Structure formats: C-alpha cells, structure tokens
Amino acid sequence: MLLERIPFNARSVLEDCVKSQASKAAQKKIELHFEAAAPGELEMLGDPLRVRQILANLLSNAIKFTDRGWVRVELKAEARAGAPPLLKIVVSDTGAGIPADKLPAIFEKFTQADGSITRRYGGTGLGLAITRKLVEMQGGEIHVQSELGKGSTFTVTLPCEPAAAPAHEAVAPRESSAPARHDSTGAPRARLLLVEDNLVNQKVVLAILRKKGFHIEVAGDGREALAKMDAPDAGFQLVLMDVQMPVLDGLEATRAIRRNPRWLKIPIVAMTAHAMNGDRERCLEAGMDAYISKPVQPAHLVATIEKYLAAGSNAALPRVSSARMASPDRGLVNDMLRLFLQIAPQRLEKLETAAVDSDRDTLAQEARMIEAAAQRLDSKGLSECARRIETAAAQGNFAQVKTDLESLRLEIRSLETAAR
C-alpha cells in the first residue's frame, strides 16, 4: 500500500465513517455516539483513506461484538512540545470483551479472543492485524484495554502534521454555474470534463470546482465523455474520470482517449473508491496521470487539478533529463516521474510481447502512451525512442522495433537513476 500526504479534516472523514455504520448499530439497537474536537483543530496532512479504514475496522468490530449498550468514538488532537500533534481515536464499547490472557495476541493474524467467536460472530481474524499495520505504517500506535464481559477500548494515536490551510470546505450542491474566475495573470480558469455516473458525486465535485471558477462539462459514462471530447468546441484541458461506470467504464474510456493523437497530452485524473496498489496501477496503466481516492477531499482535488494544469502549460512545464532533474516544482516532477517509472515495466513487457507477435496495433498504442508521458516529463530521449518504435511498427520492421526497445530500456534506466 502507498500512503498519501494530503490536507484533510479528520472530523469530517471520521464522522462520515461513523454515519456509514449507523444502520448496523440501529439494527442491533445499540447506541452509537461520536464526540470530536472542533473541525478547525483537526485540519491535518496525511492519508484520509487509511485513517478512515482504521476507524472502520475498529468500529465494525465494536458493533459486531456488542449485543447491548453502546459504542462510542472519540476524536481529538493532542499538542506536543517540539513534535507534531497526535491525532487520537478512541473506540469503546460495552460488548463481549477480551480475556486478559488473549490480549497480547489480539493483533496477530488469524487470532480471535475465543474459539467460539468465529462460530458466533464470523470473521477471518485479520481485521485487527490489518488495523495495526495501517497504524504502524503511519508512525502511530494502537493499544487495547478490555475485560471479559465488560467491553473493550481501543486507542489509536497517529502523528499528524497540521495542514497549512483549512482543508474543510462547504460542498453544498449548486445548480447554477458561477461566474468564471481568473488566475493570477488575469486569464480565465480552465475547462474541465467531469466523467461520473453518480448524481450525488457529480453535484459535490461541481460545487467544489465551480466555487474555484472552473468551467465544467459533465458526462455520465465513458461513451458520452468521448462524444463530448470529440465536439468541435470542446477544448478540455483536464479530465476527471470515475473508474466504475455503466456503458463504458473509466479504464476503457481512458484507453480510447489515449489512442487518439489529439488527446495524448490531456491530463486524466482518476476518481475511485478503490485504493489498493493493484487498482492504482491499473489506472496508471490505462493512461491516467493521477489518482484521487473517494470520498473526494476538496483541497486535494483542487491542488491535483492545478498541478496538472500547470504541468501542461508552457510556462510551467517540468524539465526532466537523463542526467538530472531541474524544475521550480521539484515535488511535481518527482511525482510524475515516479508514476511513470511504476508502470514502465508493464509497458516494456507489452511492447516486447507485441514485437514477438508482430502486433502493429499494440506497438503503436503503447508507444504513443510512452510518448505522451515523455512529453509531460520533457524527456527528448524517451520521446524519440517511442516515436521510432511507432514508425518501425507501422512499416512492419519488427527487427528494428526490437533494437529500439533496447534503447528505450536504457533510457528508462537513466530516468530511474535521475530519480534516486
């Protein structure tokens, strides 16, 4: 798993998690309480999805093992002298409790407090092991206090850097489009295409982005998105692409976009609730440039869009060479290069297989994908290798393709060296 470092409001993220479990508590007639510090005290930099997963695991367990009484979630930030504050999450319940002799092993894989637990409640015994791993990945600690028949209290502490600016923004839906805003140079804000089938998600994202002055068109699925992009007056500068959609999903729509030379340079940002490495890599392999987890955090969404819009402008184009990286925005360059290097082995493997199979279409498609990435990184060597492969494939010269693949591999290795 990869950890993000983005601004988020811990109260908003965890309150949403508690609300999502409310129906389960109600079905068991258990009281569910949430107590938190003021939102302004909980503006953090970190990984909101992983923080939410930690609470979701603990809260699900608490409700599962509590047959009567209550479950309570407490959230607060604790200041520390000379160190980042601690985000403290406490989940307590009046449930079955854990025998004292079982407490030392409760966070081990496939361990449950009692053999009858699996028969009575179900489960794999992996939940707390995963929770501990998520906590430790973020430099935190998790502890438990429990007594058999008298409930349990799990306490998680995570070091969290305060966000420089409030990450929480009101996202009430607005039907009417706000007047166009301008950037610091007086130029109108960018024109974006939002591809999303869920009406609620559409309204939330529209509210966030219209507030920032972006011009937005909406498509309900991948096929509609392709039609809108093909319109004569489209002129989109960035695409926000949901992954799971009817008719034509986000991955297939992205592949179709990247097959068109006119759209190679348009940044495509995935928006999905999936967050494991494999899902992230599939998005990147399809030709997407970035990946945003749902539920969308307003500050992270806007920052990601502005990064990729800046990267696409001539004034702020990042410079990457095989010898060194030099850019006023080193962080953005590193992010873009890291994403490319993550998927480069898969692209090379596809090219090699296509060369053996004399598959002109796949060679051309994969070469264009690499050329698009090379243009964003401004790597002339990478771009030239990709262009030569596409030309040789079109001519049916597969021996030359194999030679150019070796050059491409060397160019990628040089970029790996530059990224260290």
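**Cores and overall make-up**

The largest nonpolar core has 36 residues, and those with the most contacts inside it are Leu55, Leu58, Leu87, Ile89, Phe154, Val156 and Leu158. A nonpolar core is a set of buried Ala, Val, Leu, Ile, Met, Phe, Trp, Tyr and Cys residues joined through side-chain atoms within 4.5 Å; buried means under 20% relative accessible area, exposed over 50%, and partly exposed in between (1.4 Å probe, protein chains only). The model is predicted: local features need pLDDT of at least 70 and side-chain atom pairs count only at pLDDT 80 or more, while totals for chains, interfaces and linings use all residues. Residues are numbered from 1 along each chain as its sequence is written, and side-chain values use heavy atoms, with hydrogens and water left out.

- At least two residues of this core come from each of H1, H3, strand E4 (70–80), strand E5 (83–93), helix H5 (127–137), strand E6 (141–146) and strand E7 (152–159); helices (H or I, at least four residues) and strands (E, at least two) are DSSP runs, numbered from the N terminus.
- H3 gives the most to this core, with seven residues.
- Apart from this core lies another, of 26 residues, among them Leu341, Leu348, Ala374 and Ala392.
- Phe154 touches, among others, Leu58, Ile89, Phe107, Leu128 and Ile142, not counting residues up to four places away in sequence; contact means heavy atoms within 4.5 Å.
- The protein has 14 helices and 13 strands, and of its 420 residues 48% count as buried.
- Among contacts between residues at least 6 apart in sequence, 69% join residues at least 24 apart.

- Helix H1 (residues 10–20) packs with helix H3 (residues 48–64) at an angle of about 35°, their axes being 9 Å apart; axes are lines fitted to C-alpha atoms, for helices over the stretch in contact, and angles run from 0 to 180 degrees between N-to-C directions.
- Residues of H1 including Val13, Leu14 and Cys17 meet residues of H3 including Val51, Leu55 and Leu59.
- By class, the contact of H1 with H3 has nine nonpolar, one polar and two charged residues; Ala, Val, Leu, Ile, Met, Phe, Trp, Tyr, Cys and Pro count as nonpolar, Asp, Glu, Lys and Arg as charged, and the others, Gly among them, as polar.
- Leu128, Ala129, Thr131, Leu134 and Val135 are buried in H5, and their cover includes H3, E6 and E7.

**The three-stranded sheet**

- Three strands form an open sheet in the order E1-E3-E8, with antiparallel pairing; two strands pair if DSSP finds at least two bridges between them.
- Strand E1 (6–9) and strand E8 (161–162) are the edge strands, each pairing on one side only.
- Two bridges join strand E3 (residues 43–46) to E8 in the antiparallel sense, and Leu45 stands opposite Glu161 in E8.

**The five-stranded sheet**

- An open sheet of five strands has the order E10-E9-E11-E12-E13, with parallel pairing.
- Strand E10 (215–219) and strand E13 (290–293) each have a single partner strand, so one side of each is left without a neighbour in the sheet.
- Strand E12 (residues 268–272) and E13 run parallel and are joined by four bridges; Ala270 has Tyr291 in E13 as its bridge partner.
- Helix H6 (residues 199–211) packs on the sheet and touches strand E9 (191–195), E10, strand E11 (238–242) and E12.
- Helix H8 (residues 250–259) lies across E11 and E12, at about 150° to E11.
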